[in-house]
Amino acid sequence: MRVTAARFLGAAATPRAGPAPGPPEVAIAGRSNVGKSALINCLTGRRGLARASATPGRTRQLNFFLVNERFVLVDLPGYGFAVGPERERRAWKPLVETYLRERPVLCGVAIVVDARRGLEREEEELLSFLEHAGRPAAVVATKLDKLARNPARTALARIAEQTPAGMLVVGFSALTGEGRDDVWRVLRDWVELASPGRE
Ligand code: GDP
């Protein structure tokens, strides 16, 4: 995917806030610090588009990025954060779940996991939530550069076993760019399905 334009559209800190529904949206979900911002920056080729922060869970809002004036990447706030005010931690669920359940233009959800950790309870809960909500999902196993070739293959196979049959699992590294085209293919398919009559 050649990205010719990418810009920040807006943010939502409360359910149903944020930009009015427009072009198809693909959401990027995952625990804090897993590499969601790095994924978005690598996909768009814009180093500073999504802020990659060393502080887990500092971003507690949905961030919307318009790509090629055609579709929107939505960076969801990370779940599983153990730090931060209780009030903000409690706010996560309604914020993210309302978006995932109700957003009319949402066409797919990429769940980012650390390739070394695979799916844990939070990811399994999210998968089952998405299944109930009827949302297409795929798993992006990131930080693949931290594993040698054989352990990487084993890790991806294990993650594939943890996911529902037929769900795509894509290995990725924001550091090396490995898997970038594969991730784009998944996202593009969702967007094209949601934009009948284009291309
Ligand atoms: P977010 O909280 O999910 O948005 O996570 P970030 O994108 O801010 O990444 C968290 C940390 O992991 C940062 O220090 C990144 O540099 C690092 N990171 C993210 N993706 C990768 C990757 O593919 N490989 C390596 N080695 N580090 C990564």
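I take a polar contact to be a pair of N or O atoms within 3.5 Å, where within protein one atom must be able to donate a hydrogen and the other to accept it, and residues adjacent in sequence count only if both atoms are side-chain atoms. The model I am reading is predicted, so I note that local features need pLDDT of at least 70 and side-chain atom pairs count only at pLDDT 80 or more, while totals for chains, interfaces and linings use all residues. Residues are numbered from 1 along each chain as its sequence is written, and side-chain values use heavy atoms, with hydrogens and water left out.

**Entry 1**

On the backbone side, I noted a ligand oxygen 3.0 Å from a polar backbone atom of Gly35 and a ligand oxygen 3.3 Å from a polar backbone atom of Val34. The ligand taken alone exposes 580 Å², and the protein buries 78% of that; the accessible areas come from the Shrake-Rupley method with a 1.4 Å probe, and for residues only the protein chains shown count as cover.

I then looked up the shell, counting a residue as near if one of its heavy atoms lies within 4 Å of the molecule. It holds 17 residues, the closest being Asn33, Lys36, Ser37, Asp145 and Ala174. By class I read 5 nonpolar, 7 polar and 5 charged residues, with Ala, Val, Leu, Ile, Met, Phe, Trp, Tyr, Cys and Pro counted as nonpolar, Asp, Glu, Lys and Arg as charged, and the others, Gly among them, as polar. Helix H1 (residues 36–44) gives the largest share of the shell, 3 residues; helices (H or I, at least four residues) and strands (E, at least two) are DSSP runs, numbered from the N terminus.

Asn33 sits in the loop between E2 and H1, and although it is not a glycine, its phi is positive, at about 75 degrees. I set beside this that most residues other than glycine have a negative phi. Asn33 is partly exposed because its relative accessible area is 42%, where buried means under 20%, exposed over 50% and partly exposed in between (1.4 Å probe, protein chains only).

Ala174 belongs to the loop between strand E7 (169–171) and helix H5 (180–194), and it too is partly exposed, with a relative accessible area of 31%. Along the chain Ala174 and Cys42 are 132 residues apart, yet their C-alpha atoms are separated by 5.8 Å. Not counting residues up to four places away in sequence, Ala174 is in contact with Ala38, Cys42 and Thr142, a contact being heavy atoms within 4.5 Å.

**Entry 2: Glu25 and the cores**

Is Glu25 buried or exposed? I found that Glu25 counts as buried because its relative accessible area is 2%, and I placed it in strand E2 (residues 25–30). Its side chain makes a polar contact of 2.8 Å with that of Tyr99, and among the residues it touches beyond four places in sequence are Phe64, Val72, Arg103 and Cys107.

Of its 31 residues, Leu76, Tyr99 and Leu100 touch the most other members. Elements that each supply at least two residues of this core include E2, strand E3 (62–67), helix H2 (86–102) and helix H4 (149–162), and the largest share, 5 residues, comes from H2. Another core, of 28 residues, lies apart from it, with Leu43, Val67, Cys107 and Phe172 among its members.

**Entry 3: the chain as a whole**

I counted 5 helices and 7 strands in the protein chain, which follows the pattern β-β-α-β-β-α-β-α-β-α-β-α along the sequence. Of its 199 residues, 48% count as buried, and its accessible surface comes to about 10,100 Å², of which 50% belongs to carbon and sulfur atoms. Among contacts with a separation of 6 or more, residues 24 or more positions apart account for 74%.

Key:
Core = buried A, V, L, I, M, F, W, Y, C linked by side-chain atoms within 4.5 Å.
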